[in-house]
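Hi,

Here is the structure I promised to pass on to you.

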Amino acid sequence: MENLASNKISIVDLATRNIIEEELDDDLVLEKIGGAGITKSLYDRFADEDPIVLGAGLLTGSLVPGSSLGVITAKSPLTGRVSHVPLSLDAGMELKYSGFDYIVIKGAADKPVYLWIHDGIADLNDAGDLWGKDVWAATDHIRDLMGDDLIQVLGIGEAGEKGSDLAQICINYWQSGDRMAFGNLFGKKRLKLIAIRGMGLLEIAEPEEFIEKCAGLLSAVKSGGAAGIRGIAAMAAAVGEEDLGGWLQPLTHKHMACFNTSVPTNTFVFLDEDPALLKETAVAEPGFLLTDISPLLKLKKLGLTASDACRVLKACATYGIDGASVAELSEKAGLTDPEAIKSSFPSLKGPVSSSGDAVFSPWAAIGNQEKDAWMRRQAVAYIFGIHPIFAQLAPELTEEKLLDISSIGTELELTSETLEEVIADITG
Amino acid sequence: MGLKIDALTCTACMACELACGYHRDDAFALLSSCIVPYRAREKKNYVGIILKEEDSLVAARPEGLEINRIGQEQDPEKEADASAKPMLLRESCDLCEDVDDGPLCIKFCPVNAISMD
């Protein structure tokens with residue numbers, strides 16, 4: 001496919017270290033549209049080899065509001081279901097511009113490796129130096145090695161290396177929406193991390209019309225219900241958890257957005273620095289980026305202070321374990337001391353309700369939505385590459401408008417009938 | 001007349017950078033933009049926006065504006081990022097002179113952090 005794509009799929013065999021490339025056929029896009037539609041199709045094709053499939057949505061990396069989402073599709077070791085996990089922050093965008101549309105990782109390596117994706121090149125490298133490092137140290141190591149602080153790192157820590165049921169793939173230094181223990185899969189495959197840098201270019205079939213439509217969508221979103229929502233606490237308040245704001249406010253440094261996402265859904269807290277500081281801090285690691293409401297609410301309900309809760313979540317991110325599961329199991333075990341919670345990481349086991357009962361990560365389940373409607377909206381977000389929380393906050397991005405703008409950008413006739421089929425396929 | 005950037009309002013979403021890239025390339029790309037959110041200090045959450053103008057590099061930082069004249073000797077003590085993009089090689093901001101309703105970075109900023117000065 002020539003437009004809104006790099007026209008390349010990489011198939012990486014960890015066992016043989018063989019990497020082959022295929023073109024992204026228009027026919028596949030016409031049949032599966034993109035994002036989770038295609039990652040699921042590729043998963044099915046290589047299902048016998050327990051694949052992990054990465055991809056970006058059809059509109060990821062464009063000027064369509066909220067176009068930040070990438071997706072990882074694999075069978076969850078925690079639930080046994082083929083599931084989809086979001087790649088938020090800048091990871092989905094960097095993947096889109098990396099020169100690959102989709103990456104299939106199959107088999108298992110005999111010793112630790114990492115995958116380096118950039119400029120249309122996929123390289124498997126020895127990760128002997130990285131194995132044993134926590135998530136933060138591994139991210140620092142790979143960025144220093146490549147001399148580029150903008151590399152996005154999808155990596156595991158001790159939890160993934162040691163086969164924890166609750167191991168999470170983290171994004172750079174932060175917790176991700178991986179509630180499906182895909183970090184455990186990375187560990188089993190001896191895949192320490194995937195480093196991604198995107199510096200490519202995406203052609204647009206009808207650029208002026210596409211940009212005009214993007215501007216129209218942004219204008220609608222800016223005057224819609226999501227306008228003014230800033231950060232984790234505001235999102236919690238929007239779903240009836242007003243208390244979080246006052247609890248978190250003394251630590252709040254700044255609200256941060258995922259790529260081209262109108263609502264900043266993340267909040268950076270300073271734990272070892274004055275949150276009101278405006279200049280660059282001299283403290284190397286002053287705090288933590290909160291990316292997930294659920295564990296925060298659970299830890300608050302356990303009676304932790306905001307500082308202690310954020311430090312627990314920072315420890316989850318360095319260890320590479322899902323914070324929502326940690327909070328759930330801490331509650332079950334009656335643990336309320338932050339140090340005791342951190343000490344419990346190696347012994348925690350599933351199943352947990354934090355993984356949800358759907359094929360999409362419940363990371364984006366905010367509020368009390370009807371399940372079928374939530375599933376459908378998630379499916380649409382994962383197909384087109386729209387931030388899955390933002391997609392719920394911005395109903396202005398209708399399915400019809402997303403299909404229309406996709407057809408304008410690709411010059412392919414994408415129909416509502418096809419969308420129905422793809423939604424049915426990926427929601428199982 | 002130029003761009004006015006509010007670094008405290010900016011959420012580092014990069015919409016301005018992508019819009020500027022589109023203005024240069026009629027495609028989506030990030031390497032030719034003259035406006036770039038500064039996001040290399042991720043662990044410190046220190047973000048701002050760098051703008052290449054005709055004769056200066058403007059850094060809109062949380063603590064205020066810094067204007068560096070192009071060609072002027074820089075402070076050798078200042079640490080440079082390994083990932084710093086070669087801003088000096090890029091086209092200067094032309095305020096999207098061929099766009100009827102003004103600069104695209106302003107149009108696509110979701111939080112109104114950029115305006116005309």
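Phe270(A) stands opposite Gly287(A), which belongs to β15(A). I start with this pair as a way into the strands around it. Please keep in mind throughout that this is a predicted model.

The strand pairing here is between β14 of chain A, residues 266-270, and β15(A): they run antiparallel and are joined over four bridges. Both are part of an open sheet of three strands in chain A, ordered β13-β14-β15 and paired in the antiparallel sense. Which strands form its edges? They are β13 (252-256) and β15 (287-290) of chain A, each of which pairs on one side only. On average, and with direction ignored, neighbouring strands of this sheet are turned by 20° against each other. The sheet also has a helix packed on it: α11 of chain A, residues 306-319, touches β14 and β15 of chain A. The direction of α11 makes about 85° with that of β15(A).

Stepping back to chain A as a whole, you will find 17 helices and 15 strands in it. Its C-alpha atoms fill a box of roughly 55 × 55 × 40 Å along the principal axes. The radius of gyration of chain A is 20 Å, and this agrees with a compact globule because one of 428 residues would come out near 22 Å. Buried residues account for 61% of the 428 residues in chain A. If you count the contacts in chain A between residues at least 6 apart in sequence, 68% of them join residues at least 24 apart.

Now to the place where the two chains touch. How many residues does each chain bring to the contact? Chain A gives 40 residues and chain B gives 31 residues. On the side of chain B that touches chain A, the elements giving two or more residues are α1 (15-25), β2 (28-29), β3 (35-41) and α2 (104-108) of chain B. The largest share of that side, five residues, comes from α1(B). Sorted by class, the side of chain B that touches chain A holds 18 nonpolar, three polar and ten charged residues.

There is strand pairing between the chains as well. Strand β12 of chain A, residues 201-202, pairs with β2(B) in the antiparallel sense over two bridges. Here Leu202(A) stands opposite Phe28(B), a residue of β2(B).

Best wishes

How values were computed: Residues are numbered from 1 along each chain as its sequence is written. Chains are lettered from A and ligands numbered from 1 in the order in which they are written. This is a predicted model: local features need pLDDT of at least 70, side-chain atom pairs count only at pLDDT 80 or more; totals for chains, interfaces and linings use all residues. The radius of gyration is taken over C-alpha atoms; the globule rule is 2.2 Å times the number of residues to the power 0.38. A residue is buried if 20 or more other C-beta atoms lie within 10 Å of its own, exposed if 12 or fewer, and partly exposed in between; C-beta atoms are placed from the backbone. Two residues are in contact if their C-beta atoms, placed from the backbone, lie within 7 Å. Two strands pair if DSSP finds at least two bridges between them. Axes are lines fitted to C-alpha atoms, for helices over the stretch in contact, and angles run from 0 to 180 degrees between N-to-C directions. Ala, Val, Leu, Ile, Met, Phe, Trp, Tyr, Cys and Pro count as nonpolar, Asp, Glu, Lys and Arg as charged, and the others, Gly among them, as polar.
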